[in-house]
Amino acid sequence: MCGIVGVVSNAPVNQLLYDALLLLQHRGQDAAGIVTLLERKFFMHKAKGMVRDVFRTRNMRALPGSVGLGQVRYPTAGNAYSEEEAQPFYVNAPFGIVLVHNGNLTNAHALRSELFSTDHRHTNTESDSEVLLNVLAHEIERSSRGVPLHPAEVFAAVKNVYKRLRGSYAVVSLIAGHGLLAFRDPYGIRPLCMGRSADGTVMVASESVALEGSGHVFERNIEPGEAVFIDLEGNVHSMQCAEGATLNPCIFEFVYLARPDSVLDGISVYQARLNLGETLAKRVVSTVPPNQIDVIIPIPESSRPSATQLAHLLGVPYREGFVKNRYVGRTFIMPGQGVRKKSVRQKLNVIASEFKGRNVLLVDDSIVRGTTSREIVQMARDAGARKVYLASAAPPVRYPNVYGIDMPTKDELVAHDRTVEQIRELIGCDALIYQDVDAMKRAIGSLNPKLDGFDASCFDGVYVTGDIDTEAISRMNGNRPRVEETEEDSSRLALPNHSE
């Protein structure tokens with residue numbers, strides 16, 4: 001996943017974009033980029049790294065203008081180590097367009113061939129975001145050929161874009177000399193919302209926390225299949241551009257990805273996680289009697305709301321037993337040394353007194369590969385725990401995600417083709433309790449009855465776009481970010497969630 005933001009203002013926006021990206025940093029730590037627009041000229045700076053490292057004072061001074069966009073990247077396709085694939089992307093025709101994208105196109109391979117053979121456009125990277133930009137540019141050129149570009153021509157282009165794209169996408173784009181365009185896939189898989197400040201600045205962003213944390217009032221979500229065009233005077237135009245749009249947000253946003261202080265599609269992420277703890281309590285009671293649990297301890301950080309609600313309902317003490325080291329840097333490979341992978345023990349330290357002689361129930365937001373869970377269970381035993389139970393606020397992750405979350409292939413998923421008992425043996429805990437899929441959907445879905453459903457494909461194997469088969473998954477796995485042997489694993493499995 002990635003975090004994206006766009007702003008139209010009557011004052012310089014470089015600092016505002018920087019602040020918004022800091023608030024979205026949990027959505028991507030691999031690279032960051034900002035583009036601003038002054039008159040008809042774009043100013044861009046992007047690089048690998050965290051927001052605070054990518055943008056120095058000299059970089060900020062070189063980003064003038066009152067319109068702009070930005071992105072924090074977490075690569076899910078292409079080459080994670082290419083500076084060229086950091087966003088935003090730029091094309092010079094028509095008009096000059098820059099774009100940032102959160103999501104994953106499932107038909108990028110076919111589109112890339114179309115762009116070359118039919119549209120006569122060139123892409124220079126493996127990124128599906130560059131493909132998306134060129135499709136948009138081609139359709140804007142077609143709709144505006146021989147006429148001035150007005151919102152009607154922009155929306156006509158977006159309608160044609162929707163006919164060509166498959167997969168998940170929340171997009172923010174700037175058209176030089178005209179304004180900012182934002183649109184969201186017809187299923188609403190990836191989030192996108194908009195708000196306004198007292199001085200009339202309009203902002204669109206991946207999460208409401210970016211609006212509220214930068215002095216904007218949340219107005220509404222951008223609907224699935226909707227395009228919003230904000231001209232350079234701040235006038236907002238919108239149109240439903242996709243046929244048969246439905247709202248099926250990614251349920252993993254609520255389980256893990258989003259910040260707890262965000263509200264996505266009318267659902268408080270924090271309340272969603274509390275609800276998951278409530279339904280998880282019923283599963284725990286049916287597996288381990290509460291009188292056999294001495295303490296409930298969350299695995300930092302996004303499992304905390306679920307763990308607190310679970311402890312409250314079971315009447316069992318809640319304790320913090322792990323302390324996260326937020327300042328673990330990269331591992332440097334010196335000449336003559338072998339590859340040294342970072343251990344979970346470098347990122348988490350136990351408070352031994354909370355474990356010694358106790359039956360401990362550990363709570364995690366989800367279990368994906370299982371290697372981290374196994375090490376954490378062993379850490380609890382080494383700290384003196386008598387018994388170690390493990391509960392997951394999410395159901396077993398049995399299927400690959402193709403809509404913009406970097407997850408392993410199905411063979412790397414600990415739950416794929418294994419029973420809960422087999423998973424328990426691999427992880428090494430005394431009992432393993434998973435959330436139920438239907439209970440998870442009810443717990444979160446009850447917070448907004450207007451939802452049509454969820455994309456819960458990594459849990460139930462149902463891909464809402466309807467175009468995913470074994471061949472498509474295999475092809476997309478071939479385009480997953482390449483990880484070099486000397487680099488630290490930056491996938492969701494190894495990455496601490498900085499969202500709380």
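Which residues touch the most other members of the largest nonpolar core? The views below come from a predicted model.

**View 1. The largest nonpolar core holds 58 residues.** Phe252, Ile296, Leu361 and Phe459 touch the most other members. Helix H9 gives the most to this core. Its share is six residues.

**View 2. Leucine 361 and its contacts beyond the sequence neighbours within four places.** Val284, Ile293, Val295, Ile296 and Ile297 are among the residues in contact with leucine 361. The list also includes Leu310 and Ile433. Tyr389, Leu390 and Ala391 complete the set.

**View 3. An open sheet of four parallel strands.** The strand order is E16-E19-E20-E21. Strand E16 covers residues 295-298 and strand E21 covers 431-434. Both are edge strands, and each pairs on one side only. On average, neighbouring strands of this sheet are turned by 20° against each other, direction ignored.

**View 4. The pairing of E16 with E19.** Strand E19 spans residues 359-364. Four bridges join E16 to E19, and the two run parallel. Isoleucine 296 stands opposite leucine 361 of E19. Both residues are also among those that touch the most other members of the largest nonpolar core.

**View 5. Helix H9 across the four-stranded sheet.** H9 is built from residues 269-285. The helix lies across E19, E20 and E21. Strand E20 comprises residues 387-392. H9 runs at about 145° to E21.

**View 6. An open sheet of seven antiparallel strands.** Here the order is E3-E2-E4-E1-E10-E9-E11. The edges are strand E3, residues 41-48, and strand E11, residues 217-221. Each edge strand pairs on one side only. Neighbouring strands are turned by 15° against each other on average, direction ignored.

**View 7. E2 and E4, with helix H1 on the sheet.** Strand E2 (residues 31-38) pairs with strand E4 (residues 67-73) in the antiparallel sense. Seven bridges link the two. Valine 35 stands opposite leucine 69 in E4. Helix H1, residues 14-23, packs on the sheet. H1 touches E2 and E4, and also strand E1 (3-8) and strand E10 (202-205). The direction of H1 makes about 155° with that of E2.

**View 8. The largest nonpolar core and another core apart from it.** The largest core counts 58 residues, including Phe252 and Phe459. The other core has 32 residues. Among them are Leu115, Val131, Ala137 and Ile175.

Technical notes:
Residues numbered from 1 in each chain as written. Predicted model: local features only at pLDDT ≥ 70, side-chain atom pairs only at ≥ 80, totals over all residues. Heavy atoms only, no water. Pairing = 2+ DSSP bridges. Axes fitted to C-alpha atoms, helices over the stretch in contact; angles between N-to-C directions. Contact = heavy atoms within 4.5 Å. Core = buried A, V, L, I, M, F, W, Y, C linked by side-chain atoms within 4.5 Å. Buried < 20%, exposed > 50% of the residue type's maximum accessible area, 1.4 Å probe, protein only.
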